[in-house]
Amino acid sequence: MPLSEQARAEIQAAIAYYPQRRTAVLPALRIAQRDQGFLGPEQVNEVAELMDLDPNAVHMLVTFYDMLYREPKGKYVLGVCKNIACYLRGADQIIEHLQDKLGVGLNETTPDGMFTIRAFECLASCGTAPALLLNNEEYVENLSIEKVDALLEALKARPPEAAGEHRVPWGTND
Amino acid sequence: MTERAVKQPTAKGYEKVLTRNVGVPRAYDIDVYESRGGYAGLKKALQMKPAELVDLVKNSGLRGRGGAGFATGLKWSFVPNTPPPRYLVVNGDESEPGTFHDRELLENDPHQLVEGAIITCYAVNLTAACFYVRGEFALGYHRLQRAVKQAYERGYLGKNILGSGYSLEAYLIQGAGAYICGEESALLESLEGNRPMPRSRPPFPAVVGLYGRPTVVNSVETICNVPHIVERGLEWYLSLGTPPRNTGPFIYCLSGQVNNPGNHEGPLGITVGELVNDIGGGVWGGRKMKAFIPGGASSAWLNGECWDVKLDFDTLGGMKTMLGSGAQIVLDDQCCVPHAATRLSEFYNHESCGKCTPCREGTRWIVKLAHRILDGEADSKDVDTLFSIADRIGFGPPNKMTLCALGDAATSCITSTIRQWRDEWEYHAKHGKCPTPTGKPVNPIL
C-alpha cells in the first residue's frame, strides 16, 4: 500500500526542517513505518524517492536499526529487555512466561496478529528492571509475572483505534 | 509512568543538583523550571564573554559523563573559529547497559538540558544545536521537543537571544535503535543519513564534524552540568569531588541485585560501600556481593570486596577499569559469572556495527566459544583461547585494532571475569552447569 498523504506531508516537512536534506532519512523511515507498520521494498522505494536517494542507501538503514521492521509485526510488539540489569532481576523468567502464555517464540507473532515478542537490548530502565517497551515507545517497568498477565489482558481490551505507534500514552499537556 | 516516583536517598549532607527537579510535579514545564531558578545560568552567561565561559568550564574540571571522561572545556577549545555553520550535537543516545541517567533528565528536566546547550553554544560560538535522542525515549523526546518550543517562545532560542545579539537554532532528531550511535563519530554518520559506523580519526569532530563542519559533541548529563557551573561558580563546583580532575555532581545509576536501585546523585568519588550499602540499601535478600561493575557494561568487573574503592575517573582508571557512563551494577553471590558475562558478550556481538574486522568477527567468536564453555563442551584450553580472542580486539594502545571503543568495551567483561573468576569458567567448561547453589545461572528474588 502506498504511503498516506499525511505521511508524505510529514516526510516533506522533515526534509524542510533539518539543515540538510539527508538528515531527514531516519525520521522519514520512522514516519513511513508508523504509517505502514513495516518497511518492505515498496515502502523503502517510496521513501527513497521522496528523499531523492538510491533505494539501497535507504534499505541499508532499515537493516541496521533495531526499531525498523522489514516485515509486518503484531499489533502490540512487546520488547522485553534481556540485558544485564534486567537479566539479574528476572528478565528471562518474564520472556519465558510470555512465550508460554502466548504460545509463540521470540520474534514471532501470535496467529491472531495481536502480539509479537522481542528480546531487546538495554532499554535504560535498569533502575526499574525488569522492563519492556511496548510498540517502541511505552515503557512498562518493574515487571512481575502478575504484571505481565495484567498487561496482556489490558491490551486485549484496548479499543482498536488506540493501537499503533502513533497513539502515545500521554496527553499533549504531559 | 509519566511522573517517575522518587524514592532515592542521596549521599549524606548532599544537596541534589542535576536531579533536583526529578519528582517535582511538571518540572518539565518552563514555568515550573523558571520558578525553581531555571535559566538564571543562561542570563548570567550572556553577560560574560564566551572565552571566559570556556575557561570557567576548563577550570571546573568537568569531564564528559557519556563514557570517555574527556575534559569538556578542553574539547570546546579545540573548535576552530571558522565561518558558520558550526554545530553542537547533544548526544542523547544513551544505550550503555546499566545507564539510565539521561533518560531521567530528558523526561523530568528537559529545560536544564536546553539551558546548558544554549550556554555551550554561546561559549563556543556555535550556530546550531542538534539534539539526538535515543529512539526508545519517546516520552523524553516529546518533553524535550516541547521544552525547545517553549524556549523559543521565551526568547531563549532563535534570533538575538535576550537582546544579546547572539542567535541560535535548535533541531531535534530521534534515533532508531543502535548502540553504536552513542559513539560520537557514528552519531554524526547517523545524523547525515548514513549507516552509523565510526569514522577514522583524526580529523576529530571538533574540526570536521557534522556535515564536515566544526562540531562539539557532548552528552546530556555533561551539558546539564554547565548551567550550574555558571550560576553557582567555580568554588562551589570544585567543592564537590576531588579537584582538580574529578569534580562535580554525578548521577550514579545503581542497578542489579540491590534493594534500592535507581539514579542516585552524589559528589563524584563516593565509595562503593557508600553507594551500595548506605544509599542503595545493600545487596538484596541479605546476600553477599560477588561482583561489581563500576562503569557500565563496557568496564572491567571488580570483585565483591571492593567496598572502599572510590567511584571516580582516576581511581577506577588506575585499577584498569573505568567510571564510564556511570552505571554501577551489583551481582549477588548466587549469580553465575560466566553466564552474566556471556549475556554482555551477546550484546556487543549484536551491536558491533561490522566496520572493523577484529570487532565484527571477534565478538561473534567470543559468543560462540563462551556458549561452548557454558554448555560444558570445552576444556581449560578453550578458556585460554577465549581470553586471547578478547585480549586482541583493542581500540587503544598497544593493539589499535578498531576505530572506536566498542572493540575494547566488548572484551572487558570476558577478560576481567576470566582473570578473577577463572574457577567458574573452568567449572563450566568441565561440567556444563553453574557453580551456584541452585545450579541456575541467576537467582532473582521475584
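A salt bridge here is a side-chain nitrogen of Lys or Arg within 4 Å of a carboxyl oxygen of Asp or Glu. With that rule I found A:Arg22, B:Glu189, B:Glu192 and B:Arg199 linked in a network of salt bridges.

**Ground rules.** I'm working on a predicted model, where local features need pLDDT of at least 70, side-chain atom pairs count only at pLDDT 80 or more, and totals for chains, interfaces and linings use all residues. Residues are numbered from 1 along each chain as its sequence is written, chains are lettered from A in the order in which they are written, and side-chain values use heavy atoms, with hydrogens and water left out.

I looked up B:Glu192 and saw its side chain meet that of A:Arg22 at 3.8 Å, N to O. B:Glu192 also pairs with B:Arg199, at 3.1 Å. I checked burial next (buried is under 20% relative accessible area, exposed over 50%, partly exposed in between; 1.4 Å probe, protein chains only). B:Glu192 is buried at 7%, and B:Arg199 is buried at 16%.

**Other bridges.** I get 31 salt bridges over all chains. In one of them, B:Lys290 and B:Glu424 have their closest N and O atoms 2.6 Å apart. That pair joins strand β9 (289–293) to helix α16 (422–431) of chain B, 134 residues apart; helices (H or I, at least four residues) and strands (E, at least two) are DSSP runs, numbered from the N terminus. B:Lys290 is buried at 15% and B:Glu424 at 6%. By contrast, B:Glu361 bridges B:Arg360 at 3.0 Å, with B:Glu361 partly exposed at 29% and B:Arg360 partly exposed at 28%.

**Between the chains.** I find 47 residues of chain A in contact (heavy atoms within 4.5 Å) with 69 of chain B. The two chains bury about 4900 Å² between them, 59% of it on carbon and sulfur atoms; this is the accessible area (1.4 Å probe) that two parts lose on being put together, summed over both. Three salt bridges run between chain A and chain B.

**The core.** I then turned to the largest nonpolar core, which has 82 residues. Such a core is a set of buried Ala, Val, Leu, Ile, Met, Phe, Trp, Tyr and Cys residues joined through side-chain atoms within 4.5 Å. A:Leu29, A:Tyr65, B:Trp301, B:Leu331 and B:Trp425 touch the most other members. I followed B:Leu331: leaving out residues up to four places away in sequence, its neighbours include A:Leu88, B:Lys290 and B:Trp301.
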